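Please have a look at the sequence and the model before I go on.

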Amino acid sequence: DYSYDFFRRKCPTYDDDMDRACPPKWRTLVRDIPLRYSAFSDIYIAAKDESNNFILENKRPVYYQRLNNASDFGGFREHDIVKDDPNPRGKIYYCKNVGAWIFSVDKVSKGARANDCSWLMKSMPTTAYHLGEVPEGDWEVWAGAMAETTVDITCAECVKAKKVVGCSFRGECGSDNLCECNKNENGENEFMGFQCGTCTKCRDLKVTMAIADNDFDYPDHTSTYEIAKYKGKWKDIGDIQVYDRQVYSQQGSNRTILLLYTGNRYAIWKVMVPSESSTPVDDYIDDYMYNFHSTWSIIDASKPLYETESTRERSPFGLKWYKYDNSDKYGSKEEVEIQFECADARSEGQCSVLI
């Protein structure tokens, strides 16, 4: 669970150095939070050009963190690579200068002018030609100092054959070698994720927050969150999915509360529609979630309110919750009581057996 205190410690020192200048948004909006590497733990796609050929660097594919709208996992094209993007996705590629595969984020560096591709994580030395050949295990990570971490690499494609485990027996392998997860009689997802590993049979959650100052309407607040769908301009996509997991929502008059996964934690996240915005609420929320990233989506009043301990669980049940702050040190955080219950006990039982 490594992070790098880049925005507060390094970004300000680059203000007068134009070749390394931080985007203005980084200096004004997210400067107080560390760059959590877990926010970049996601599906990565080998980028292709408009002629459907792989984009190569050092004779090897280049992998970018997927966009939430690329629901078929195959939609990362050359036009999706935005030059000087203030909300850059993670990038994994081969750096010839260090003889290893590296993870990087555009304009985020270690501060030194070393000719090392500004790696933030790097594999052991290797000549592997694609990510599937790269050794897992120990990678080096930069967290303000050198450290070691474990990187897990799993192919997101399935094999078209009967009764294969690639889709966890909860879906079928489609024509593009990607899992098509089971749906119920109403056409709603029962599972989601690249291996259909997340149970979504529980469509409504009862959430009880025994917190006097909970940024909601009143203490001991019990309410129902429904599984979130795109309702505006992207409504044809259906259920909202981030970091391979479902999202639950409760919509108010000028704010929407989301229960979602951020890469290694669950969070209760408030999204405020700016008062000056002329965009309809559903379209604003659609755009916000269409481009959601748990680092770059902290904008003004739209931010986490509470978050769990670090976890890889597929549901928020049974976890410790804390009031959100900018620290990654749980010993200094205020623990809060938040409980979840599936509104449909039968669905909760079905999911609890599978999770």
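Two strands are said to pair if DSSP finds at least two bridges between them. What we have here is a predicted model, and in it strand β16, residues 204-209, is joined to β26 by 5 bridges, with the two strands running antiparallel. Within that pairing, Lys206 stands opposite Glu341 of β26.

Staying with β26, which spans residues 338-342, you will find Ile338, Phe340 and Cys342 on a covered face, whereas Gln339 and Glu341 are on an uncovered one. In a regular strand, side chains alternate between the two faces of the sheet.

Let me turn to the salt bridges, of which the structure holds 12. One of them brings together the side chains of Asp42 and Arg66, at 3.2 Å from N to O. These residues are 24 apart in the chain, Asp42 being in the loop between β2 and β3 and Arg66 in the loop between β6 and β7. Asp42 is partly exposed, at 21% relative accessibility, while Arg66, at 4%, is buried.

A second salt bridge joins Lys91 and Glu57, also given as 3.2 Å from N to O. Because Lys91 belongs to strand β7 and Glu57 to strand β4, this pair ties together parts that lie 34 residues apart in sequence.

Then there is Lys233 with Asp287, whose closest N and O atoms are 3.4 Å apart. Here a loop between β17 and β18, which carries Lys233, is tied to helix α3, which carries Asp287, across 54 residues of sequence.

How values were computed. Residues numbered from 1 in each chain as written. Predicted model: local features only at pLDDT ≥ 70, side-chain atom pairs only at ≥ 80, totals over all residues. Heavy atoms only, no water. Buried < 20%, exposed > 50% of the residue type's maximum accessible area, 1.4 Å probe, protein only. Helix = DSSP H or I, 4+ residues; strand = E, 2+ residues; numbered from the N terminus. Salt bridge = Lys/Arg side-chain N within 4 Å of Asp/Glu carboxyl O.
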